[in-house]
Amino acid sequence: MALSRGLRCCQRVFSWIPVLIIAAVMLWSYYAYVFELCLFTLTNTLEKVAYLLVFHVCFVMFSWTYWKSIFTPPASPCKKFQLSYSDKQRYEFEERPDAQKQILVEIAKKLPIFSRAHSGAIRFCDRCQVLKPDRCHHCSVCETCVLKMDHHCPWVNNCVGFANYKFFLLFLAYSMVYCVFIAATVFQYFLKFWVGDLPNGPAKFHVLFLMFVALMFFVSLMFLFGYHCWLVSKNRSTLEAFTAPVFVSGPDRNGFNVGIRRNLQQVFGEDRRLWFIPVFTGQGNGHYFPLKNRSSESHNPLLANEDLWEESDDGSEGSLVEDHDPSVTIEMEE
């Protein structure tokens, strides 16, 4: 027990190493650009002020989105998807597998769940003791079920999912802007140092490496950002891109694709003025997502009006319509 706890503690410590690497590169780039380039190399005051103003805007947005990606806790299923104390007691004391499944089927009747396991069964997490909402997956690193889980990213030491997917996309976008601005403004001084028009000194090392690092990060970020833009346009997560979600009718990679405009609104919200600011503006609560084939939603009046399924003022969730097929089974996933 003590050894296992120690290993988990070490794992948590080492998991911050990629974040510290990124933070170190950010701090070095700040020093190299502000001090070595702008303050020690540039001689034109107007150029110096303009560079510093734009750079600090890019740096603040880059840092802000990175902070939000790291420290926004992953969203987990609400209490309605958890086994209540009485249900848990019935489930644990019941020794017959078929009877256990039936207990879970009765609970699933009250929930808006349309995705299935590959066997056709409703997905159940035995570790978290929850019925998994659509697009929810268990993260073994975070040790919890994450709503609309995309992937666990070591560079932010966090699960990217419903709660912080917008922040992650903005982080990639502002990282690219940051790299492009540095490369564009450093280029002429990179050439001057390279051909010897400027004297050798500490600034030369920093300016040369600024150019190389900015271009290197930009190329890698460009492909990653482009891939996630494609995922957003198709309304898929990284996990769903590799393994198509399964519905009653079978696997369908486009099961949640409701058109580019609505796909974007699910992540960024309807107010376009807030799209590029790292504040949460996504639609819904992460437990239910509109389906491409809306005929399946007609079987559950709840899904025709999602507002009916919200938390009440006293903190308890609203009632859920009991209109699911009682013939479905439950698959327990490790």
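Is Asp 252 buried, exposed or partly exposed, given its relative accessibility? Asp 252 counts as partly exposed, at 23% relative accessibility, where buried means under 20% relative accessible area, exposed over 50%, and partly exposed in between (1.4 Å probe, protein chains only).

The views below show a predicted model, in which local features need pLDDT of at least 70 and side-chain atom pairs count only at pLDDT 80 or more, while totals for chains, interfaces and linings use all residues. Residues are numbered from 1 along each chain as its sequence is written, and side-chain values use heavy atoms, with hydrogens and water left out.

**View 1. Overall architecture of the protein, with 10 helices and 9 strands.** Helices (H or I, at least four residues) and strands (E, at least two) are DSSP runs, numbered from the N terminus. Of the 334 residues, 47% are buried. Contact means heavy atoms within 4.5 Å; among contacts with a separation of 6 or more, 63% involve residues 24 or more positions apart. The protein exposes about 17700 Å², of which carbon and sulfur atoms supply 63%; accessible areas come from the Shrake-Rupley method with a 1.4 Å probe, and for residues only the protein chains shown count as cover.

**View 2. Salt bridge between Glu 240 and Arg 135.** A salt bridge is a side-chain nitrogen of Lys or Arg within 4 Å of a carboxyl oxygen of Asp or Glu, and the structure holds 3 of them. In this pair the closest N and O atoms are 2.8 Å apart. Glu 240 lies in helix α8 (residues 238-242) and Arg 135 in the loop between β2 and β3, so the pair ties together parts that are 105 residues apart in sequence. Both partners are buried: Glu 240 has 4% relative accessibility and Arg 135 has 2%. Arg 135 also has a positive phi, near 75 degrees, in a residue other than glycine.

**View 3. Salt bridges of Lys 292 with Asp 252 and of Arg 273 with Asp 271.** The closest N and O atoms of Lys 292 and Asp 252 are 3.4 Å apart. Lys 292 lies in the loop between α9 (260-268) and α10 (301-304), and Asp 252 in the loop between β8 (250-251) and α9, so this pair ties together parts that are 40 residues apart in sequence. Lys 292 is partly exposed, with a relative accessible area of 44%. The side chains of Arg 273 and Asp 271 meet at 3.0 Å, N to O; Arg 273 is exposed at 71%, whereas Asp 271 is partly exposed at 29%.

**View 4. Helix α3 and its packing partners.** Buried residues of α3 include Tyr 51, Phe 55, Phe 59 and Phe 62. The buried residues of this helix pack against α2 (17-39), β6 and α6. Within α6 (residues 165-195) lies Ser 175, which is buried at 3% relative accessible area. Ser 175 touches Phe 62 and Leu 221, not counting residues up to four places away in sequence.
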